[in-house]
Amino acid sequence: MTTPKLSIERVGKVFEGRSSRVAALDEVTLDVAAGQFLVVVGPSGCGKSTLLDLLAGLTTPTSGRLLVDGAPITGPGLDRGVVFQQYALLPWRTALRNVEFGLEGKGLTRRARTDTARQYLDLVGLSGFADRYPHELSGGMRQRVAIARALAFDPDVLLMDEPFAALDAQTRETLQDELLRIWETTRKTVVFITHGIDEAVYLGQRVAVLTSRPGRIKAVVDIDLGDRRQTEDVRSTPLFAEYRHQIWSELHGEVARAQRSELSAREVVSVG
Amino acid sequence: MADTEVFSAQLPSTIDRSAIHSPDDAAPVAARTMARRTPGDRIRPLVRHLLHAAATVSRKSIAVVAFLVLWEIAPRVGLVDSTFLVPFSTAVHALWDLARSGQLWDDTRVSLTRSVIGFGIAVGIGVPLGLVIGWYRTVADILNPLLELFRNTAALALLPVFILILGIGETSKISIVVYACTFPILLNTITAVRGVDPTLVKAARSLGLSTPRLFRQVVLPSSVPTILTGIRMAAASSILVLIAAEMVGAKDGLGYLINAAQQNFEIEQMYAGIIAISLIGTIVNALLVRLERRLTRWRPASR
């Protein structure tokens with residue numbers, strides 16, 4: 001068997017507060033093959049974002065280890081690009097200059113940076129908006145810029161933390177299709193975090209369901225919808241509904257449990 | 001007809017812009033647009049534009065004009081004793097005489113040199129120190145109580161101490177300006193750094209930025225607007241404190257001019273000095289506001 005692109009091995013993460021200990025993740029084990037589109041779905045506060053931060057190298061696990069291409073993750077690196085829910089664009093830079101931001105650590109010439117950035121703005125469909133500032137763009141467009149930024153330095157892995165959660169339904173669906181198209185074009189390995197079941201089924205080749213606090217892998221569901229964009233309105237097909245129901249059943253108990261523990265532990269800081 | 005419609009559709013944006021930005025960047029746009037129109041088409045919009053500009057100017061200046069009129073009339077009709085409050089026109093006349101004799105320029109130059117040096121040193125201390133205190137929690141915990149103590153000690157209360165230690169020369173005056181200017185800059189810089197959007201920091205870290213690059217490319221640029229507010233406050237207090245210092249012990253400078261005029265009972269000159277100071281303060285502030293706009297163009301218009 002070949003080395004998986006990403007390996008998460010018995011990873012646990014505990015946050016130590018002043019008066020509390022919150023176990024965000026517990027014994028999470030998961031492999032992601034190169035080129036795979038993995039969606040992690042779970043109730044709010046299940047540690048999904050913690051898992052993504054760990055993969056991004058922004059924080060370290062309390063136990064277990066994470067590997068990229070068989071080598072332990074020691075910190076952030078340009079082999080992984082991250083897309084955040086809040087876009088995280090630099091407001092004083094234009095769209096183009098935001099995309100260039102990730103390229104600045106790569107030792108390219110200014111000219112090469114601009115060319116590459118333009119190419120990726122084209123890829124996300126924002127060719128005409130290179131000189132706009134983030135506040136002049138809609139939410140969907142900002143997230144496109146953020147995706148272009150994460151792709152521009154050509155990472156092997158794209159880590160996405162509920163990237164479409166703040167968008168309206170129409171824009172979200174458009175961007176989901178765009179993302180699938182980009183994934184097919186670039187063949188990146190994608191780890192996509194969401195709390196939406198529909199989104200998980202629509203996007204994922206595999207969907208990992210996380211339990212509520214502490215987050216554990218409850219089930220991993222393989223999704224095969226054929227070519228999603230060949231089928232008209234794939235979300236209405238019986239197969240889609242079947243997958244949806246399967247994940248819903250896995251999640252259902254967890255959501256209820258998460259809400260109960262949320263109520264009983266209001267003072268505990270959210271770790272979602 | 002269609003032409004007129006296009007034009008009137010453009011006009012509001014021209015007016016809007018002149019209201020938000022400086023009128024001088026809107027004017028060429030309007031002029032260029034109008035050059036292409038026939039005379040009949042352009043009269044009405046031009047008149048409307050001028051009326052609008054006139055309305056803006058009069059709305060903004062009405063209070064100042066009313067105040068100056070009151071100042072002019074009150075001493076003349078005997079509402080106040082004209083020995084102590086000379087009419088505005090008399091003060092302006094005295095200002096003109098001072099300017100012609102070169103004395104006004106000499107004193108202004110002396111004062112501005114002192115405050116610019118002091119202000120510059122304060123920026124040099126306040127911004128870097130503020131960045132460090134704002135970023136490192138431990139440094140903040142250690143220094144905050146001391147800063148709080150200093151900040152609440154009025155700069156002028158320390159003036160005798162500065163004079164005692166540093167003498168009556170330039171050093172003590174520049175030092176008091178440095179002291180007074182450092183705090184607004186320092187505290188605003190700390191606030192600015194604390195207010196940096198954590199997701200921007202996270203995103204920058206995920207791109208593998210080193211701490212120095214993170215500072216230069218994320219923390220500093222996003223702090224610029226708040227730091228500039230501090231700089232504007234500092235500029236105002238640099239003039240304030242300096243004038244007071246010059247009144248206490250100096251042989252030149254605008255503060256000295258005002259104080260000496262009062263003691264020699266040259267009341268018109270005293271008021272002339274006061275007008276000069278308020279003009280300088282207003283001009284400095286306007287320049288800084290311009291600088292602020294230039295450096296924060298990326299921000300969405302707040303009004």
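This is a predicted model: local features need pLDDT of at least 70, side-chain atom pairs count only at pLDDT 80 or more; totals for chains, interfaces and linings use all residues.
Residues are numbered from 1 along each chain as its sequence is written, while chains are lettered from A and ligands numbered from 1 in the order in which they are written.

- Asp154(A) belongs to the loop between α4 (139-152) and β7 (157-161) of chain A; helices here are DSSP runs of H or I with at least four residues, strands are runs of E with at least two, and both are numbered from the N terminus.
- Its phi is near 55°, which is positive even though Asp154(A) is a residue other than glycine.
- Glu27(A) also shows a positive phi, about 50°, and is not a glycine either.
- Glu27(A) sits in strand β2 of chain A, and it counts as partly exposed because it has 14 C-beta neighbours inside 10 Å.

**The four-stranded sheet of chain A**

- Four strands make an open sheet in the order β2-β1-β4-β5 (chain A), with antiparallel pairing; strands pair if DSSP finds at least two bridges between them.
- β2 (21-32) and β5 (71-72) of chain A are the edge strands, each with a single partner, so one side of each has no neighbour in the sheet.
- Five bridges link β1 (residues 6-16) and β4 (residues 63-68) of chain A in the antiparallel sense.
- Glu9(A) has Arg65(A) as its bridge partner in β4(A).

**The six-stranded sheet of chain A**

- This open sheet has six strands, ordered β6-β7-β8-β3-β9-β10 (chain A), and its pairing is mixed.
- At its edges stand β6 (80-83) and β10 (217-222) of chain A, each with a single partner strand, so one side of each is left without a neighbour in the sheet.
- From one strand to the next, the twist averages 15°; angles run from 0 to 180 degrees between N-to-C directions, and axes are lines fitted to C-alpha atoms, for helices over the stretch in contact.
- β6(A) and β7(A) run parallel and are joined by four bridges, and Val82(A) stands opposite Leu159(A) in β7(A).
- α4(A) packs on the sheet and touches β6 and β7 of chain A, its direction making about 170° with that of β6(A); contact means C-beta atoms, placed from the backbone, within 7 Å.

**Chain B and its helix pair**

- Chain B has twelve helices and zero strands, and 29% of its 303 residues are buried.
- Of the contacts in chain B with a separation of 6 or more, 71% are between residues 24 or more positions apart.
- The axes of α9 (residues 198-206) and α10 (residues 211-248) of chain B come within 11 Å and cross at roughly 165°.
- That makes α9(B) roughly antiparallel to α10(B), a label for angles over 145 degrees, with under 35 being roughly parallel, 65 to 115 roughly perpendicular and the rest oblique.
- Leu200(B), Val201(B) and Ala204(B) of α9(B) meet Leu214(B), Val218(B) and Ser222(B) of α10(B) in this contact.

**Where the chains meet**

- 17 residues of chain A are in contact with 14 residues of chain B.

Key: Two residues are in contact if their C-beta atoms, placed from the backbone, lie within 7 Å. A residue is buried if 20 or more other C-beta atoms lie within 10 Å of its own, exposed if 12 or fewer, and partly exposed in between; C-beta atoms are placed from the backbone.
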